[in-house]
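Here are my notes on this model, written for a reader who is new to looking at protein structures. Please keep the sequence and the 3D view open while you go through the points.

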Amino acid sequence: MSAPLIDFDEVIANFDPVLGLEVHVELGTASKMFCGCATEFGAEPNTQVCPTCLGLPGSLPVVNGTAVESAIRIGLALNCSIASWCRFARKNYFYPDMPKNFQTSQYDEPICFEGYLDVDVETDEGTRTFRVEIERAHMEEDTGKSLHVGGSTGRIHGADFSLVDYNRAGIPLIEIVTKPLEGAGKYAPEVAKAYVGALRDLLRGLGVSDVKMEQGSLRCDVNLSLRTSPDAPLGTRTETKNVNSLRSVERAIRYEMQRQAALLADGTAIIQETRHWHEDTGVTTSGRVKSDAEDYRYFPEPDLVPVAPSAEWIEQLRSQLPEPPAERSKRLRQEWGISEKEMQSVINAGALDLVLATIAEGADPAASRKWWLGELARRANDEGVELESLAITAKQVADLEALVQSGRLNDKLARQVIDGVLAGEGEPAAVADSRGLQIVSDDSALLAAINEAIAADPDAAQKIRDGKVAAAGALVGAVMKATQGQADAGRVRELVLQELGQ
Amino acid sequence: MSDLIHASAVELAAQIANKTVSAVEVAQAHLDRIAEVDGRVNAFLYVDGDGALEQARAVDHAVASGQALSPLAGVPLALKDVLTQTGVPTTAGSKILEGWRPPYDATVVERLRDAGVVILGKTNMDEFAMGSSTENSAYGPTHNPWDLERIPGGSSGGSAAAVSAYEAPLAIGTDTGGSIRQPAAVTGIVGAKPTYGAVSRYGLVAFSSSLDQAGPFARTVVDTALLHSVIAGHDPRDSTSIKEPVPDVVGAAKSADVSKMRIGVVRELSGEGYQPGVQARFDEAVELLRAQGAEIIEISCPSFTYALGAYYLIAPSECSSNLARFDAMRFGLRTDDNGELSAEDVMRHTRAAGFGPEVKRRIILGTYALSSGYYDAYYGQAQKVRTLITRDFEAAWASVDVLISPTTPTEPFRIGERVNDPVAMYKADLCTLPSSLYGGPAISVPIGLGDENLPVGLQVMAPVMADDQVYRVASAVEKALAQQWGGLLLDQAVAL
Amino acid sequence: MSAISRDDVAHLASLARIELTEQELNDYAGQLDVILTAVASISEVAADDIPPTTHAVPVVNVFREDVVTPSLDRDSVLDHAPAAEDGRFRVPRILDEE
């Protein structure tokens with residue numbers, strides 16, 4: 001299954017990668033692109049379908065105006081030009097999960113074109129800004145979902161039959177296509193990851209999509225080719241599909257660079273094909289060979305009329321755009337009083353929106369950053385998931401911090417509460433209750449433990465009585481151990497000194 | 001009872017409203033007529049007797065309770081089997097849809113129901129409306145009531161024949177390149193293609209989306225206008241539906257005043273290929289209009305010559321895409337699903353078994369015309385011709401109010417005569433194609449019998465959204481001829 | 001233009017997912033040739049400066065409000081499917097990947 005690879009440094013020494021990214025974003029509209037069916041994720045199969053999204057004979061599409069508005073806003077946020085007149089087109093090919101056997105999309109008249117998104121990447125020479133140029137962003141519709149039944153792998157190959165659910169068919173998609181990204185060299189995987197991450201933050205900031213990669217509402221296809229030098233002609237590219245997490249974007253590109261380089265080094269030609277990324281095994285495998293026979297027979301969709309956004313409408317949408325991510329990050333850096341590098345680590349961890357949400361729920365900026373970049377980032381890494389996919393909300397983190405601030409929890413207990421929240425035991429306060437986690441603040445209970453500690457370590461007690469207050473540490477440690485960490489160490493120290501006449 | 005089947009829609013509606021006759025009696029009389037003659041005509045693919053009587057009873061109930069009635073309440077109608085009706089088989093004349101009962105109503109059907117029109121059943125048609133003779137139906141040809149050996153025109157041949165054979169006073173057809181006007185002409189009745197976008201296409205099984213338009217058939221111009229007014233109007237479910245109010249077609253049909261109108265005779269739609277009898281009837285109709293005070297002006301529309309070529313590229317291209325959904329996955333026929341064949345092969349086999357030869361021919365042609373490397377030469381070029389045809393119409397409107405021509409170059413040919421010659425078959429639509437490509441309204445009205453004693457029609461074409469004008473002119477012709485004949489042309493047909 | 005071969009028709013039939021018999025391939029090749037010859041005259045007119053007409057009535061910006069409307073009852077849809085299972089459409093095994 002896995003192909004021969006060569007070392008990444010060796011790839012960079014001998015080849016120059018050229019990247020292209022196609023990102024599909026499912027818009028968060030209430031209804032579908034061309035009909036009024038709901039778009040809720042996870043509904044019972046085939047309960048969000050109608051004649052139009054099932055492609056029944058006689059049905060007709062009508063464009064969701066909010067989807068067009070979202071497309072324009074995305075284009076504006078990506079510094080694109082907006083077409084003053086454009087049409088939908090039919091992309092004709094047969095596939096069982098595509099009800100009409102054509103996808104209603106846009107062809108040579110995308111609604112947004114010629115834009116860019118700047119992303120910052122840490123390099124050996126410090127933070128460097130890469131400009132990712134956007135070729136186009138266009139509107140289209142999603143397909144249904146097939147469940148392949150039978151066979152040994154559960155995958156499409158070897159299946160006996162398939163079961164199709166069309167709930168997803170017709171959900172509005174925006175496809176954002178970059179121009180070939182050149183000159184990133186060894187940073188190509190990081191630039192791609194930073195681009196997808198920045199795009200995700202931008203889309204979330206616009207409020208146009210929930211951008212959940214694990215639910216498929218943001219999907220990434222990666223085109224990659226290698227050439228021997230930046231002056232050499234472009235090499236044959238592969239298109240890797242199914243790259244559905246930020247980590248995977250980086251890993252898949254790295255893998256594909258190593259795989260292609262191994263082939264090229266061996267004198268083997270790259271086949272122009274679709275490849276599939278497997279998150280579990282960390283490899284890409286060969287899919288469909290792109291043949292010349294592929295002919296989508298695009299033509300303007302006669303069932304829909306052209307979209308011609310007025311200049312006034314575009315300007316109105318432009319004036320209502322949220323603060324661009326780069327400006328926002330500069331502003332927040334100043335507000336929080338942190339360095340550019342610290343800010344970058346928040347962004348790279350995919351934590352900015354989570355931190356902001358936590359602040360919005362009442363936590364202070366430093367504590368919000370501390371939790372997301374510290375304990376929670378560690379958990380996410382252990383589980384191999386994105387930070388945002390952890391089963392804890394910004395509200396819960398803010399509540400947790402409030403419990404710490406109120407003196408009910410210390411950091412150690414708070415980490416145990418996180419265990420409980422992640423395990424689905426409920427809200428932080430409830431987890432603390434049910435697990436009996438609470439700083440012991442009852443002085444009489446503490447005094448009992450202190451007196452036991454004094455009795456057990458008379459030498460230390462005498463030293464303190466003699467004025468060597470530094471010796472208190474041993475007794476405080478013993479008390480903390482006896483109370484299983486639930487005591488407030490500061491209070492214990494005060495009481496120890498008080499008991500011993502200091 | 002038998003005069004119920006010969007009555008006009010206007011007369012029937014009046015009699016039902018004033019309780020001279022019940023809607024149930026009217027429906028039953030037509031169901032009886034269908035039972036009597038349809039074995040020979042084959043106009044209907046499905047007769048919904050129970051449904052029709054139930055709708056009729058509802059109208060009678062409304063009459064009894066004194067509710068306000070629409071002008072066509074209780075009048076029976078034949079529906080072309082290309083429009084969806086909830087729970088009623090809808091085949092589009094194709095084997096691939098055999099047994100399919102749609103889960104939703106076409107907007108046209110909804111409007112008919114709301115108006116209390118009684119739907120008798122679904123009528124035969126060329127498969128997916130591709131044809132000019134109704135011979136391409138998977139369910140056998142429809143016969144022309146004037147001569148059962150002849151074609152009734154197409155693709156709405158079943159609807160036209162049903163009205164012509166007194167099986168229904170009203171019918172709905174669809175017209176993509178002449179599929180209402182041409183059958184109306186050759187069965188001696190009235191048929192109109194409204195302005196593209198005037199009648200919702202929601203629920204109309206698409207053939208060529210940019211050309212398809214549903215419209216009315218009846219035996220008189222006023223009945224046709226009434227049905228037009230019931231089904232037309234904006235529908236938010238069809239993006240190409242026109243928002244402007246429907247012109248007063250009924251008022252225009254009733255007025256029939258053509259004095260001071262400027263009427264253009266299209267030079268390119270005459271001459272070689274036009275039967276002498278057709279040309280003679282047309283020339284007489286022109287004189288009738290002149291006699292009523294219309295100014296007759298000869299107009300040249302040079303691009304009309306290219307309409308046939310443009311149409312037979314645009315329509316097949318769009319159909320190749322529209323018919324892709326018939327793939328055996330979600331509805332309709334599925335063949336050879338033996339557990340061994342893949343989805344792709346089951347699609348190939350089902351489409352091979354489910355589509356007839358003309359449909360396959362057009363899908364292949366359209367696939368070719370859209371394929372990369374040929375798009376510009378074929379589909380793209382055809383769309384440019386469409387622009388030229390529109391310009392010819394626009395230029396004509398500077399000097400005339402309407403354009404007229406024969407509806408068809410010839411009288412109806414014999415069943416089987418042109419089945420192996422697609423191009424000859426396509427020429428039946430020569431006169432009707434230009435206004436289809438332009439999108440304006442057009443009507444066909446009977447103007448007499450030709451060389452073979454079979455019906456000949458006059459086509460009237462008008463600017464986009466000037467549907468009232470075609471009714472005005474058609475009505476004037478109908479009125480003048482009624483005086484000559486002492487009735488309708490159809491009265492001259494041999495009774496079935 | 002034109003001169004359509006049997007192999008051209010076979011390729012088109014494959015794009016259009018229709019299994020054609022050898023007889024049909026040959027028949028259609030001949031018929032399409034005749035049809036394309038008959039329509040070839042359109043290449044004589046309409047120069048580059050003529051814009052194409054894709055819509056008969058020139059309207060733009062027809063939008064629907066983003067409001068959820070009722071979906072179909074699942075049974076009414078699956079009842080008319082060639083095959084269904086577990087609330088889904090059952091289709092034969094799929095060869096191509098998309």
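1. Strand β2 of chain A is joined by two bridges to strand β1 of chain C, residues 63-64, and these strands run parallel. Within this pairing, N64(A) stands opposite R64(C), which belongs to β1(C). Strands here are DSSP runs of E with at least two residues, helices are runs of H or I with at least four residues, and both are numbered from the N terminus; two strands pair if DSSP finds at least two bridges between them.

2. Before going further, please note that this is a predicted model, in which local features need pLDDT of at least 70 and side-chain atom pairs count only at pLDDT 80 or more, while totals for chains, interfaces and linings use all residues. Residues are numbered from 1 along each chain as its sequence is written, chains are lettered from A and ligands numbered from 1 in the order in which they are written, and side-chain values use heavy atoms, with hydrogens and water left out.

3. How many residues of chain A are in contact with chain C? Chain A contributes 60 residues, which touch 35 residues of chain C, where contact means heavy atoms within 4.5 Å. Together chain A and chain C bury about 4,100 Å², with 59% of it on carbon and sulfur atoms; buried area is the accessible area (1.4 Å probe) that two parts lose on being put together, summed over both.

4. Between chain A and chain C there are zero salt bridges, a salt bridge being a side-chain nitrogen of Lys or Arg within 4 Å of a carboxyl oxygen of Asp or Glu. The count of residue pairs in polar contact between chain A and chain C, both at pLDDT 80 or more, is 21. A polar contact is a pair of N or O atoms within 3.5 Å; within protein, one must be able to donate a hydrogen and the other to accept it, and residues adjacent in sequence count only if both atoms are side-chain atoms.

5. On the side of chain A that touches chain C, the elements giving two or more residues are β2 (63-64), α2 (65-77), β8 (145-149) and β9 (161-165) of chain A. The largest share, five residues, comes from β9(A). The residues on this side divide into 37 nonpolar, 14 polar and nine charged, where Ala, Val, Leu, Ile, Met, Phe, Trp, Tyr, Cys and Pro count as nonpolar, Asp, Glu, Lys and Arg as charged, and the others, Gly among them, as polar.

6. Turning to the other interface of chain C, 59 residues of chain B are in contact with 51 residues of chain C, and the two chains bury about 5,000 Å² between them, 68% of it on carbon and sulfur atoms. One salt bridge is counted between chain B and chain C, in which the side chains of K360(B) and E24(C) meet at 3.0 Å, N to O. There are also 15 residue pairs in polar contact between chain B and chain C, both at pLDDT 80 or more.

7. Within chain A, an open sheet of three strands has the order β5-β4-β15, with antiparallel pairing. Its edge strands, each pairing on one side only, are β5 (102-105) and β15 (299-300) of chain A. Four bridges join β4(A), residues 89-92, to β5(A), and K91(A) has Q103(A) as its bridge partner in β5(A).

8. Over all chains, the structure holds 60 salt bridges. One of these is formed by D353(A) and R204(A), whose closest N and O atoms are 3.0 Å apart. D353(A) lies in helix α8 (residues 352-360) of chain A and R204(A) in helix α3 (residues 188-206) of chain A, so this pair ties together parts that are 149 residues apart in sequence.
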